[in-house]
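Please report on the ligand site, a helix, the cores and the backbone of this model. Keep it brief.

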Amino acid sequence: MNLYERFEQAFMPNYGVPPVALARGEGSRVWDVDGKEYLDFIGGIATSSLGHAHPALVEAVSKQVATIAHTSNLFLHEPEVLLAERLRTLLNAPTRVFFANSGTEANEAAYKLALKYGRREGRSYFVAAENGFHGRTIGALSLTGKQSIRDQFGPFPVNVRFVPYGDADALKETVTGDCIAVFLEPTQGEAGVVPPPDGYFEAAREICDSTGALLVADEIQSAIGRTGHWFAHQADGVTPDILTLAKGLGGGLPIGACVGFGDVGRLFEKGDHGSTFGGNPVSCAAALAVLDNVDLGHVRSTGARLRTGLEAAGHPLLKGVRGRGLWLAAVLNEPRSAQVQQAAAAAGFLVNALQPDAVRLAPPLVVTADEVDALVAAFPAILAEAAK
Ligand SMILES: *Cc1c(COP(=O)(O)O)cnc(C)c1O
């Protein structure tokens, strides 16, 4: 039996069988178990910020695991304090953090934090966006605006009202003085890298200010330099009340964070929340190495190069390119993203068929101009093959 057949027998069927089995990586290159080389333009879903086997990440993690790998929250350790302080500096605001292990857990913390506020104020419901994605555990799933993955696991303990993403008027109508919090992605990731119209996030901030609802920015996919800013909300000039982070933060090591701004950062009382593994020393050391080595100028220049290069493909299958920084979707005129993903892999590039008509590109933030040029050069032939 090959690895794919063994996977199929040993795993629950929730992922299907992934089409490529990866063995190792270096920079933006990965090799599959048969030795075929690929350029990685998906980076473990916008997670491998420094690419694969980056020397700074290897050193930080190796040193930490050889020093102390785990303490639990019964004991504190310096890497977690350094990381919390570093996030506060990058956010340039009085923040307090809770560390978890994943995106969905960061949102569970945000959900409970917001509930503390809502119960105290006698508020009763959340607002979130249609097609939004916030995770798979029950709290985060209840906020996820995709019926196909949500409805069969309901009903949920808290009422969530969904609004069309990007529609400030709908938000204004739906958010009242009874609303606990509004959960939004600054750009919707899983929905297809869909940015809102200009001014939407500012409008959300104003609506929350005038009704007293908390604004929760889910930046699990958009933060840590992905858009060419440390945090996407900084580009909009908007400060949320709660911010959630995960994917890119640990550069491939599991870590999530729920950040509370101002008084919101003090809502949890002793005993209200916790995690045995959350903020473990190895993941914190990895995150510190990531924050030391992400170069926003490089993200912006290679992102712009990738975007213009892809747009220039001029193939009738390509409708356009959307997104910011190194977080893009090639939008198709026909639902052929699976064919694009397959043709790209055959040509030696890993991309992600995110939606039937959208192909996600989220390479390591250290991807080089030459590597970008290699995909750009191959892209017209990939589209031609996918259009067959
Ligand atoms: C990936 C993602 C999540 C869930 O993160 P997991 O680590 O898979 O639990 C939540 N919100 C957004 C915006 C995401 O992109």
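## Ligand site

A polar side-chain atom of Gln221 sits 2.7 Å from an oxygen atom of the ligand. Backbone atoms take part too. A polar backbone atom of Gly103 is 2.8 Å from a ligand oxygen. For Thr104, a polar backbone atom is likewise 2.8 Å from an oxygen atom of the ligand. A polar contact here is a pair of N or O atoms within 3.5 Å.

The residues around the ligand include Ser102, Asn107, Phe133, His134, Glu185, Asp218 and Lys247. A residue is listed if one of its heavy atoms lies within 4 Å of the molecule.

## Basis of the model

This is a predicted model, in which local features need pLDDT of at least 70, side-chain atom pairs count only at pLDDT 80 or more, and totals for chains, interfaces and linings use all residues. Residues are numbered from 1 along each chain as its sequence is written, and side-chain values use heavy atoms, with hydrogens and water left out.

## Helix α3

Helix α3 covers residues 55-67. Its 13 residues reach 18 Å from first C-alpha to last, close to the 18 Å expected at 1.5 Å a residue. That expected span is 1.5 Å times one less than the number of residues. Helices are DSSP runs of H or I with at least four residues, strands are runs of E with at least two, and both are numbered from the N terminus.

Leu57, Ala60, Val61 and Gln64 are the buried residues of α3. Seen down the helix axis, they fall within an arc of 90°, so they line one face of α3. The arc is taken from the directions from the axis to the C-beta atoms. They pack against α4 (78-91) and α11 (281-293). Pro55, Lys63 and Ala66 are exposed on the other side. Buried means under 20% relative accessible area and exposed over 50%, with partly exposed in between (1.4 Å probe, protein chains only).

## Nonpolar cores

The largest nonpolar core has 81 residues. Phe41, Leu171, Leu184 and Phe231 have the most contacts inside it. Helix α11 gives the largest share, 9 residues. A second, separate core of 23 residues includes Phe98 and Leu115. A core is a set of buried Ala, Val, Leu, Ile, Met, Phe, Trp, Tyr and Cys residues joined through side-chain atoms within 4.5 Å.

Beyond its neighbours within four places in sequence, Phe231 contacts residues including Leu87, Leu90, Ile224 and Leu245. Contact means heavy atoms within 4.5 Å.

## Backbone

The peptide bond from Gly154 to Pro155 is cis, with omega near 0°. Asn92 has a positive phi, near 55°. Asn92 lies in the loop between α4 and β4 (95-100).

Methods
Polar contact = N/O pair within 3.5 Å; in protein donor to acceptor, adjacent residues only side chain to side chain.
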